[in-house]
Amino acid sequence: MVADVLVPVEGCWVRRIELPKILGRVLASRGSGSSTQVRVSWPGNNQEWIDLSLLQSGIQQGWTVQDIPLSTTRSPLGLGEVVSRRVLGGREQILIQLHDDGRSVWLPYENLRRVKDVRMRYVRAETGTPDHAERFRLRLLAHALENWNHLTGSLDRLDVDPLPHQIQLVHRILSSGNYNWLIADDVGLGKTIEVGLLLAALKRKGQARRVLIVAPAGLVRQWQDELKYKFDQDYKIYGLDFVINRPEHWKGEDHVIVSIDLAKREQHMQLFKQTGGWDVIVFDEGHKLTRHGDGEVSERYRLAEMLRQMSDAFLLLSGTPHQGYADRFIALLELVRPDLKPQIQTMEANPEVVGEMILRNRKSEVTDADGKFIFKGQQIHRVPVEPSPETRAFQQKLQDYLRRGYKAGESGGAIGRAIGFVMTTYRKLASSSIAAIERALNLRLDRLSGAADAEPISDYDHQFSLEDLEDGGDEQDDLATTIRRTTSSEFFDFEAEMIHALLELAVDVRRNDEKLRLFLDQVVEPLVREGKKLLVFTEYRATQTYLEGALKRRFPELGEVALINGSMKLDDKRRAIEAFDGPATFMISTEAGGEGLNLHRSCHVMVNYDMPWNPARLVQRIGRLYRYGQQETVVVFNLHAQDTFDNSAIDLMMRRVEQIVQDMAPVNADFHERLYAEILGELLENLDLSSVLRGANAMQPEKTEAQVAEALDRARRARNMQEEIFTHVAGFDPNGLSGTLGLTMRHVDMFIRGMLPLLDIEVLSSPFGGRAHELRLPEELKGQFGEFSQRTVVRVTTDRRLAQDRRDLVLLDFETAFFQHLVAEAKEQRFDGLYAPIVNPRGQAGVLAAFNLRWQNDQGDPTTVEFVTLFGADEGSVVANPPFVADWLAGLQPGSIPNHSLEKRQASIARLFDAAGRRLAEKSTRFNHPNGLVALAAADAGTVPPSAAPPA
């Protein structure tokens, strides 16, 4: 039987038990069991064979070691720093903190080989290979690329080129160690892309295995598509792609998207309670989660509260988080950071607290990679519509009907509330078009006559509240059908007779519809002549049908009119968008297209045929065109008809708002149109006009004018308050990534080009102007990379657009095994590049060292890593990530080793280690605790080329 004895590996350090201060290095071993001997090299190169029983570990704290596993199937854990020593069960073990991931492990000392680390190599000026400068460059670049992707996800498999504000936001979140944020970017800035980048980076860190995305029903397919086609991530939609009947079935579902209104239902919410937790939860359109100051909580908010307890990474997305309601805003912040509830409750006194939980990018400020503003601004044109005599007669009769109805509703109780609801419904429909109000009146008449009894009830599963009615939205675009639910008894005497009279007048209005005529003649006709596409918004399907017929009659040669409304399935909406991006000149959308959909690819002109009671809906509508990717100034025509009391109030409101914005936005400047759009949007979002109109049952213009002025004043105060709050919120900073290397796919290509010859990979050609490469792999690499199959001659690129167009090209990024192999090779100890003398073209002598600084959470789990370069000039200053490092990564010239004393070299590298330690401390927070500091490489940066002079 062989005795169970551990034998120190070659390169392990030992000491005699009786002479513990003298250390020696193991060279070999012989024998077995209790007769095992080890050959040790002692100081002075004295070598001897010595019995293993006379030795113990000589490994010292702070050394860098490599484990050599006994198993032939296990890979080494990598390099690590010696932290501590213990004797347990009669065995000596060494605590190693691993360089790669920051984990700490206890290992038998016999399995550890000491390696020459960066400090030792620098102090001794050991260059290693002849091409040390190039290997130093590639070693730094490998670590830099890996860390940049770790902090931004921007070098992963993407079908987009991330914009600076998107990369900056993701970098901020990941480097903070706190993954609970309200992302309050303006509508159209690409919050989906930001989330995709964040999830890509977290997935690579192993922190996004289970992800739940909760979104409005109309956006779930879009989320699924964007994550698939832009990020190559597969997500299933709960309720469409799969259902869960038993809690244990959740185990197979890790990437899930669900409609918020489906998940909030009791039977589904109970199932979601038993999902077992999520790594990341994302709530889109977070402002729809409402909790009022009086304690009233919506079902959506209750769902969010429940899910909040199931994840430590909780993201709310909303372009309109405040909306002038401080209580709702506070409720959102408490969802994001429940740990800061006391500070949030006193936010008015401590507004800076929002800086720890909100990130906000503004359209007026964001730029592309070249520093050019992305958004071109928007132009709003008010188109006044003077009603025809027929319209005035109809509206006068309708007002008489509405007043009698409201008076009948004053009786109170459920019936009174129902009558008031119907009257407000009529007003909203009448503000849209004659077609919308005419349809509702016909339905009411059918109900009174009994003709409606046989008609199918609408698919609404609940009765709207008055607040719902004010807000409007996707699910209300066939609002007239709610009239079918009314009583078959008259609201007041002679109601049916009045409706008959109204319907007779409506026929005349249709023949002389001044609003429709002006829309076709003065808005649509000129745009058609210019070859422009046109997006038209209306609140109601009846108006949509009315306009569709009018456009087809007027412009039959233009063919299809694309439509989006609430009756359509998501696939139908997508086909409509494809048609609008293709042959269709016109798109008419109800509010079903007002949120989340991208309609900007081929259009920059829109018309609001009707003006919603909720002004924030205008912002959402405009956001379908005024979003990232829009190449033109967005032009908006608002039809302002003076045909109803409500339209007159809305027109008054818009004229006052536009004047306020003109006064606030600077003129005669490039910034004007962009800032104008921003201020207009913020005022409209904060303007509570709908409650003013709801309360105006008497429809008295003088009183309403005063209420509009008061609402505007409140909106202006709310905007100012929001602006004050958001001054403490981080937004886009053109210099926000200065001090980082800001790496792109160009650097990936640069790295690959440098690595190929060092791995004996032949470049056969570089087609497409050098944007691609044809490679021949050595035989030993054949079949190792799934993207290449069994081929040894392959065509590759780092150009995402080129890879899209040419399917014969393999896109190399962090998703491909071949690129990961190149990065891993450059980081290996055997690759070298740990020390090099190089020339500093900036003419400043000093020492450059690269470090990985690592942090962990409060339970010891590594959270984030920062790659940093520190340059210590000879005169004593130390600079982090100096600008010239980015130039050095493109190419380095070998230099000469300075003729410095050993003591000076030790002091120089120690100075940079101290600076790295200070940076580690300065960037630590209550979420990020120091975990480790790893030196990756160091160089003497000289001002002269190599010389034959030997180092001191």
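The model you have open is predicted, so local features need pLDDT of at least 70 and side-chain atom pairs count only at pLDDT 80 or more, while totals for chains, interfaces and linings use all residues. Residues are numbered from 1 along each chain as its sequence is written, and side-chain values use heavy atoms, with hydrogens and water left out.

**The whole chain**

Of the 952 residues, 57% count as buried. Buried means under 20% relative accessible area, exposed means over 50%, and partly exposed lies in between (1.4 Å probe, protein chains only).

Among contacts in the chain with a separation of 6 or more, 71% are made by residues 24 or more positions apart.

**Helices H12 and H13**

Next, select residues 413–432 for H12 and residues 434–449 for H13. Two packed helices are described by the angle between their axes and the distance between the axes. For H12 and H13, the axes come within 7 Å and cross at roughly 145°; each axis is a line fitted to C-alpha atoms, for helices over the stretch in contact, and angles run from 0 to 180 degrees between N-to-C directions.

Show the side chains where the two meet. From H12 come Tyr426, Leu429, Ala430 and Ser432, and facing them from H13 are Ala436, Ile437, Ala440, Leu441 and Arg444. These residues divide into seven nonpolar, one polar and one charged, where Ala, Val, Leu, Ile, Met, Phe, Trp, Tyr, Cys and Pro count as nonpolar, Asp, Glu, Lys and Arg as charged, and the others, Gly among them, as polar.

**Two arginines in H13**

Stay in H13 and centre on arginine 444. What does arginine 444 touch, not counting residues up to four places away in sequence? The partners are Tyr401, Tyr426, Ile483, Thr486, Thr487, Ser489, Glu490, Phe491, Glu495 and Ile499. Arginine 444 counts as buried because its relative accessibility is 0%. Draw a C-alpha to C-alpha distance to alanine 496 as well: the pair is 52 residues apart in sequence and 8.6 Å apart in space.

Then move to arginine 447, also placed in helix H13. With a relative accessible area of 18%, arginine 447 is buried.

Select residues 220–231, helix H5, and pick out glutamate 226. Is glutamate 226 buried or exposed? Its relative accessible area is 10%, so glutamate 226 is buried. Leaving aside neighbours within four places in sequence, glutamate 226 is in contact with Thr192, Phe231 and Asn598.

Follow the chain to aspartate 232, in the loop between H5 and strand E13 (236–237). Aspartate 232 has a positive phi of about 55° although it is not a glycine. At 39% relative accessibility, aspartate 232 counts as partly exposed.

**Another aspartate with positive phi**

Jump to aspartate 832, found in the loop between helix H27 (817–827) and strand E28 (835–839). Phi of aspartate 832 is near 70°, a positive value in a residue other than glycine. This aspartate 832 has 9% relative accessibility and therefore counts as buried.

**Last stops**

Select histidine 322, in the loop between strand E16 (314–317) and helix H9 (326–336). Histidine 322 counts as buried, at 2% relative accessibility.

Finish at alanine 711 in helix H23 (residues 701–726). Alanine 711 counts as buried, with 3% relative accessibility.

Key. Helix = DSSP H or I, 4+ residues; strand = E, 2+ residues; numbered from the N terminus. Contact = heavy atoms within 4.5 Å.
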